[in-house]
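Biologist: I am new to this model and would like to learn how to read it. Please take me through a few features in turn.

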Amino acid sequence: MQTIEQTNTNGVQEKWSKRPLIISGPCSAETEEQVIQTATRLAETGKVDVLRAGIWKPRTRPGSFEGIGAKGLPWLQQAKKLTGLPTAVEVATGKQVENALHFDVDILWIGARTTVNPFSVQDVADALKGVNVPVLIKNPINPDLELWTGAVERVAKAGIEQIGLIHRGFSSYGNTEYRNAPMWHLAIEMKRRNPDMLLINDPSHICGRRDILLDVSQQAIDLDFDGLMIETHIDPDKAWSDASQQITPEQLASLLGEIIWRKEDINSEEYHSVLEKMRQQINQLDDELMQLLGQRMKVAETIGTYKKENNITILQTKRWNEILERAAKKGERFGLSKEFIIKYFDAVHMESITHQNKVFNS
Ligand code: PEP
Ligand code: MN
């Protein structure tokens with residue numbers, strides 16, 4: 001049983017219901033000066049509601065900076081005292097929950113690498129029993145809504161009432177435009193399942209780079225997300241983690257200024273209509289299909305190069321029949337008619353041949 005008392009004295013209750021809710025701060029707390037300066041400059045923008053900082057960093061590879069640890073918690077406490085900004089920290093174990101609460105952290109979040117692991121989530125949830133603190137739950141790194149839902153359920157069962165979701169994209173093999181593919185339809189589905197739950201977008205971890213942060217942020221706002229979590233650093237290029245995606249507090253202010261915030265009064269009813277939401281979902285799926293088709297053509301081109309080098313014809317009837325048969329069988333499982341599959345694959349095949357012809361003639 002937990003005995004930690006959490007007193008939300010920093011207006012976190014009121015912030016929780018503010019829209020859009022803007023959370024910002026460094027990927028990692030590095031030094032006291034960096035935390036205080038970031039917080040001060042963020043507060044000066046007047047556009048930020050919550051200060052975030054990673055204290056314990058679950059890094060993909062050992063040897064990277066794994067966070068400053070509990071030593072950084074008093075820095076956040078100090079930053080809060082100076083700026084009035086409530087603080088948010090990532091927790092991955094029960095011990096970290098206790099430590100963070102001991103230093104008056106106002107909001108906890110569960111990271112993507114933790115959401116994937118029910119043992120870890122349960123450990124965090126157990127430490128949250130009897131505590132009154134808002135918890136944000138990031139999507140798991142793999143596109144699995146059940147894992148995300150499971151984490152929400154574990155935290156809810158611990159008695160936490162203020163739960164929010166953070167969409168930070170999903171890991172995929174190979175190079176895409178994003179560090180973590182947004183797969184927007186999954187976030188939309190999660191919102192459909194939890195309509196009253198706060199849904200925040202984290203463009204920093206989706207993009208992994210600065211130049212598309214605005215696009216992704218705008219997309220999230222257009223999709224009716226409740227807020228944004230964006231990483232900021234006083235000297236982004238020198239950040240000890242996630243250097244390429246962080247921006248300065250001032251750049252954050254101008255990014256937020258460039259976003260077109262959806263007006264509440266214009267066609268609000270229509271915008272919120274179920275039909276509109278489903279149309280957005282269709283648009284997202286179409287975008288993803290297009291991206292996949294592009295990738296398919298790239299593979300076809302590589303095959304074209306191989307065929308050219310080995311003097312093989314472009315069209316190989318046997319292989320083509322194989323593709324069609326396989327697709328017809330698979331398509332049936334997904335409720336697609338054979339007639340449609342044949343039409344669709346004919347078009348895709350023609351496009352592949354066009355791409356391979358280009359390779360042959362180059
Ligand atoms: C972070 O917010 O710095 C972080 C580690 O994010 P994620 O869990 O989304 O990878
Ligand atoms: Mn980060």
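Biologist: Where does Pro 20 lie?

Modeller: Pro 20 is in the loop between α1 (12-16) and β1. Helices (H or I, at least four residues) and strands (E, at least two) are DSSP runs, numbered from the N terminus. A cis peptide bond joins Pro 20 to Arg 19, with omega about -15 degrees.

Biologist: What should I know about the model and its numbering?

Modeller: This is a predicted model, in which local features need pLDDT of at least 70 and side-chain atom pairs count only at pLDDT 80 or more, while totals for chains, interfaces and linings use all residues. Residues are numbered from 1 along each chain as its sequence is written, chains are lettered from A and ligands numbered from 1 in the order in which they are written, and side-chain values use heavy atoms, with hydrogens and water left out.

Biologist: Which residues coordinate the manganese ion (ligand 2)?

Modeller: Donors are N, O and S atoms within 2.8 Å of the metal (3.2 Å for Na, K and Ca); water is not among the atoms, so sites may look incomplete. Here the manganese ion (ligand 2) is coordinated by Cys 27 (SG), His 205 (NE2), Glu 231 (OE) and Asp 242 (OD), at 2.1 to 2.4 Å. Cys 27, in the loop between β1 (21-25) and α2 (32-45), and His 205, in helix α9 (residues 203-207), are 178 residues apart, and the pair links distant parts of the chain.

Biologist: Are Cys 27 and His 205 buried or exposed?

Modeller: Buried means under 20% relative accessible area, exposed over 50%, partly exposed in between (1.4 Å probe, protein chains only). Both Cys 27 and His 205 are buried.

Biologist: Why does Ser 241 count as buried?

Modeller: Ser 241 counts as buried because its relative accessibility is 2%. Ser 241 sits in the loop between β8 (227-231) and α11 (249-258). Leaving out residues up to four places away in sequence, Ser 241 touches Cys 27, Ser 28, Glu 30, Lys 57, Arg 59 and Gln 246, where contact means heavy atoms within 4.5 Å.

Biologist: What is the phi of Asp 104?

Modeller: Asp 104 has a positive phi of about 60 degrees, although it is not a glycine. Asp 104 is in the loop between α4 (94-102) and β4 (107-110) and is partly exposed, with a relative accessible area of 33%.

Biologist: What about Met 183?

Modeller: Met 183, also not a glycine, has a positive phi of about 40 degrees. Met 183 lies in the loop between β6 (163-167) and α8.
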